[in-house]
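Dear colleague,

Please find below the structure that I am handing over to you. My notes on what was found in it follow directly after.

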Amino acid sequence: MPNRFGFKDLLTVVLLAAVLVSVWLAMKQFDRQWDRLAALETQTQQLVAEQSATRRDVSELLEKLETGGVQFGGNAVSTDAGFDYDPHARMEVARGAEDFAEGDWVIDAFGTNIGTVNPLVNTDLYAFRIQTYVLEPMVGVDPETLERVPVLARSWEIEENLEAWQAHVDAEMARPLTDEEIRAEPAFPADGTADEQGAYVAERHAEGRREVDIVADPDAPPATWITFRLRRGPVFSDGVPVTAEDVKFTFDLLMDPQIDAPSTRQFYVNLKSCEVIDERTVRFAIKRPHYEALGHAGGRPVLPKHFYEQFTPREFNEGVGLLLGSGPYRMPDPENWRPGQPMELVRNERYWGAKPAFKKVVFREISNDVARLTAFRNGEIDIFAAQPEQYEQLLGDEEVVARSQHFAYLRVPQGYSFIAWNQRRDGRETRFADRRVRQAMTFLTPRQQIADDLYLGYAEVANGPFAKSSQQFNPELETRSFDVERAVALLKEAGWEDRDGDGVLENRAGDEFRIKLTYPSGNELADRIVLYLKDAYARAGVVLEPDPLEFAILVERLNDQTFDAITLAWGGGTVERDLRQTFHSAQAIKGGDNVMSYINPELDVIIDEARMTLDDEKRMELWRQAHAIVHEDQPYTFLFNRKTLWFVDGRLRNVTPVSVGLNDRTEWYAPLATQRWTD
């Protein structure tokens, strides 16, 4: 029977055509709506940028109409640096370049996974690098002069109260201790026997009151007041103005013992109180004299009260993606980022200062060194932090050199790598509680050979926590060289020798000298260094077991102090390094940075005294004494002061060496013809 095209078929075709036309019309309408939305978003961003510029101009005008800031007399020292110093002047210069253009992204790569970006509770460099784009302090550091300069603060006043403070200390020093005061001391052996407690009480009575205890007295008058006057213009990325209430909230949050921030909090224990004077004025009381009092009071990033106060301490501690600030970039979602998600910061169009060029700053997680190198060669990332062998390899690649920039420099302040020997684990002393063992491990570490063979001249052997160019460094201390005989002799003194002839040291109980060395995984150079150490230690009968871990797991081991030995590196920190963070017994706690439970009361006293000494020459002498103690005790085997080795994509302009290393990436840009990435 022949097929016939009937009415139903015609109706089906018509309906199908109508549907297709409707879909086409809907798609055209959607495209028009999308174009309108895109145009509206662009207009909104332009409006926000114009409002930000207008707000800045008005704020600057109002500040200039004021009488020049706070006026001071008596013992006060003041600065009107806010009128003389523009924290965005360097960016303004970049924007004036003939080929300057906005747009594009700058893409970096981390060698590990990002675990958290929450301020205060994070402990790693990666989160800190992200936060520097989003958060801002009242006071910063000039990248060339290394001097303290205003950021969110316009000016400050420093008023000394040393006479009243010293009078209180002298009076308390003359007053005998009571038994009740002694029993309330943290070091009192509350769980000890009656004889142990009695001996402690008697010793403390004989010793008398200590200045370091007195200055912690809540009734002691402050040694210093520092008053900050905030700028008018800054707002957080959600448009809420930055006020003195935010500064006080940040202080209160940091000092809240419910917040898991002991390693951060220890920097600020000398801050007695924070008082709001008015909307733009805040005053800090400083417990005792301190050479870095201005940095302690003004150097902390200011957190928005209206955002963070909605979270309980537990929510804040357990959160991982809570990040909102007043900086040039912002999190697209300041609450809900989670590990494993892309880490992208977008430009803060409400930023109160000169805006950076890049629309995005992107951080990619590439844990393998070879994979990161491949990504840089392929143009997938813009910045490659090279290992020495990779750096030399790239220098020999004409194609890479032609399309990139390369830099080799020592950071200022200067950091160092180390091996920390854990002296206490699971409530018991370890073999590393014996100073002779720690000294022996340093003698067994072939640092110069590693510097020559693996670092190819881009590192020098470290001889302590201070840079050799610093006045804190003690030049009289001899760097320990590789010496197996001296190491074996020290280990034998400490009770370790090869008792059964199997080539491995044992103690008198028959325990073999075996240790696990924990270090971040995915780093080829670290793997090779550990193999060097394994071979070197074996020459003295010490068995090393490599223990590479993902960084997040490593941090857990670090905080719980469940490791034998661990190798990491400290960044530069402040220009004048404060040893309290890493070597004071007050930080030998869970979450503290004295992760190896190193305790030396003599060193504690010197550190505390150095921190309170305002005379530069006297303070430097105290730091050199502290260096001598650390050199003798070897809580760390100090490894290397390493040069930073960077390759940067050649399309990026204004990448400039400065005193601290390289200038801030907010000053970089990509000319329009070279731009690669778009939204």
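F188 is buried, with a relative accessible area of 11%. Please bear in mind that this is a predicted model.

Aromatic rings

Y200 also falls in the buried class, at 15% relative accessibility; the limit for that class is under 20%. Across the model, the count of aromatic pairs comes to 34. F188 and Y200 form one of these pairs, with an edge-to-face arrangement. Their ring centres are 5.8 Å apart and their planes stand at 75° to each other, and planes over 60 degrees apart count as edge-to-face. F188 sits in the loop between helix 6 (179–183) and helix 7 (194–207), while Y200 belongs to helix 7. The two residues are twelve residues apart, and the pair links distant parts of the chain. Elsewhere, ring pairs join Y416, F418, W570, F583, Y598, Y636 and F638 into a cluster.

Two packed helices are described by the angle between their axes and the distance between the axes. Helix 14 (residues 369–377) packs with helix 15 (residues 388–395) at an angle of about 25°, and their axes are 12 Å apart. Angles under 35 degrees count as roughly parallel, so helix 14 is roughly parallel to helix 15. Their crossing is right-handed. Helix 14 contributes D369, V370, L373 and R377 to the contact, and helix 15 contributes Q390, Q393 and L394. By class, this contact of helix 14 with helix 15 holds three nonpolar, two polar and two charged residues.

For helix 23 (residues 601–612) and helix 24 (residues 616–633), the axes come within 9 Å and cross at roughly 160°. An angle over 145 degrees counts as roughly antiparallel, and helix 23 and helix 24 are therefore roughly antiparallel to each other. The crossing of helix 23 and helix 24 is left-handed. On the side of helix 23, the contact involves E602, L603, I606, I607, E609, A610 and R611. These meet R619, L622, W623, Q625, A626, I629 and V630 of helix 24. The residues of the contact between helix 23 and helix 24 comprise nine nonpolar, one polar and four charged.

A residue in helix 20

R528 is found in helix 20 (residues 524–538) and counts as partly exposed, at 30% relative accessibility. Leaving aside neighbours within four places in sequence, R528 is in contact with E389 and L454. R528 and L454 are 74 residues apart along the chain, and their C-alpha atoms are separated by 8.1 Å.

Yours sincerely

Key: Residues are numbered from 1 along each chain as its sequence is written. This is a predicted model: local features need pLDDT of at least 70, side-chain atom pairs count only at pLDDT 80 or more; totals for chains, interfaces and linings use all residues. Side-chain values use heavy atoms; hydrogens and water are left out. Axes are lines fitted to C-alpha atoms, for helices over the stretch in contact, and angles run from 0 to 180 degrees between N-to-C directions. Helices (H or I, at least four residues) and strands (E, at least two) are DSSP runs, numbered from the N terminus. Angles under 35 degrees count as roughly parallel, over 145 as roughly antiparallel, 65 to 115 as roughly perpendicular and the rest as oblique. A crossing is left-handed if the near helix is turned anticlockwise from the far one by less than a right angle, and right-handed if clockwise. Contact means heavy atoms within 4.5 Å. Ala, Val, Leu, Ile, Met, Phe, Trp, Tyr, Cys and Pro count as nonpolar, Asp, Glu, Lys and Arg as charged, and the others, Gly among them, as polar. Rings of Phe, Tyr and Trp (its six-membered ring) pair if their centres lie within 6.5 Å; planes under 30 degrees apart count as stacked, over 60 as edge-to-face and the rest as tilted. Buried means under 20% relative accessible area, exposed over 50%, partly exposed in between (1.4 Å probe, protein chains only).
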